[in-house]
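Hi everyone, thanks for making time.

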Amino acid sequence: MLYFSKSIKLIRHQQNTSMSSVNLRSFKKKVFARKRKMKLALSRWEKKPPQGLDKLASVSEKEVWTETDCTTCANCCRKMTPTFKEKDIRRIAPHFDMTPKAFKEKWLFKDGDGDWLNTSNPCQFLDLKTNMCSIYEIRPTDCAEFPHLSKKKFVEYVDTHKQNLEYCPATFKLVEKMMDRLSDAG
Ligand code: SF4
Ligand code: SF4
């Protein structure tokens, strides 16, 4: 099971005119061609962070979100699972007239770390016709924070980015931009 990450996000960025639709087919091809070099670059940055890495991540993230329309993607909701905290479950379950216990029994399982995760993909709350989250306003915090591009110190999220760049076009784009700016061709 692929985690959003142990405490991640999913920002459904609103569409604006400069955004382009996500083409998951061409994204998969790019991932296949570049993922190894991108992961090696991330490992290098983790071992020896280039000067200004956090600032670079922040600047690059702003660009990523002017170019990426999550509403045309939703790959995270299809391929990964958020972690449901007890607080999330207590908030979402009443929306379905369910107790937290019944909610867990219907949709979740507890993994080896004691985290509550979706039993299956795509997420049961993804509207497959509209590509939108049907519980957006009350979605898990993990969803609201995904994919943690420059929220914390970049090196603390290297492992998360290594996983997510294969599934999240925004993460892929972030690492790509940072490699370009650091002239890090891998
Ligand atoms: S709860 Fe909503 S945002 Fe979170 S994975 Fe499911 S569909 Fe996506
Ligand atoms: S996978 Fe990444 S780009 Fe796609 S919807 Fe999720 S956060 Fe947005």
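Let's begin with confidence, since this is a predicted model. The protein chain has a mean pLDDT of 90, and 88% of its residues reach 70 or more. The stretch to watch is residues 6-16, where pLDDT stays under 50. Where pLDDT is low, the predicted coordinates should not be read in detail. For the record, the model has 36 contacts beyond four places in sequence for that stretch.

Now the overall layout. The protein chain holds eight helices and five strands, and from the N terminus the elements run α-α-α-β-α-α-β-β-β-β-α-α-α. Of its 186 residues, 33% count as buried. If you take contacts with a separation of 6 or more, 79% of them join residues 24 or more positions apart.

Let me turn to the sheet. Three strands form an open sheet in the order β1-β3-β2, with antiparallel pairing. β1 (83-84) and β2 (108-110) are the edge strands, each pairing on one side only. Between β2 and β3, residues 116-118, there are three bridges in the antiparallel sense.

On to the ligands. Which residues come nearest to ligand 2? They are C70, C73, C76, C168 and A170, out of 14 residues around that ligand. Two helices, α3 (75-79) and α8 (169-181), each supply at least two residues of this shell. By class, the shell around ligand 2 counts twelve nonpolar residues, two polar and no charged ones.

Ligand 1 is surrounded by eleven residues, and the closest are C77, C123, L126, C133 and C143. Its shell divides into ten nonpolar residues, no polar and one charged.

Buried residues in α8 are P169, A170, T171, F172, K173, L174, V175 and M178. Just after α8, S183 takes a positive phi of about 50 degrees.

That's my tour, and I'm happy to take questions.

Terms used: Residues numbered from 1 in each chain as written. Chains lettered and ligands numbered in written order. Predicted model: local features only at pLDDT ≥ 70, side-chain atom pairs only at ≥ 80, totals over all residues. Near = placed C-beta within 6 Å. Helix = DSSP H or I, 4+ residues; strand = E, 2+ residues; numbered from the N terminus. Nonpolar A, V, L, I, M, F, W, Y, C, P; charged D, E, K, R; others polar. Buried ≥ 20, exposed ≤ 12 C-beta atoms within 10 Å, placed from the backbone. Pairing = 2+ DSSP bridges. pLDDT = per-residue confidence, 0-100. Contact = placed C-beta atoms within 7 Å.
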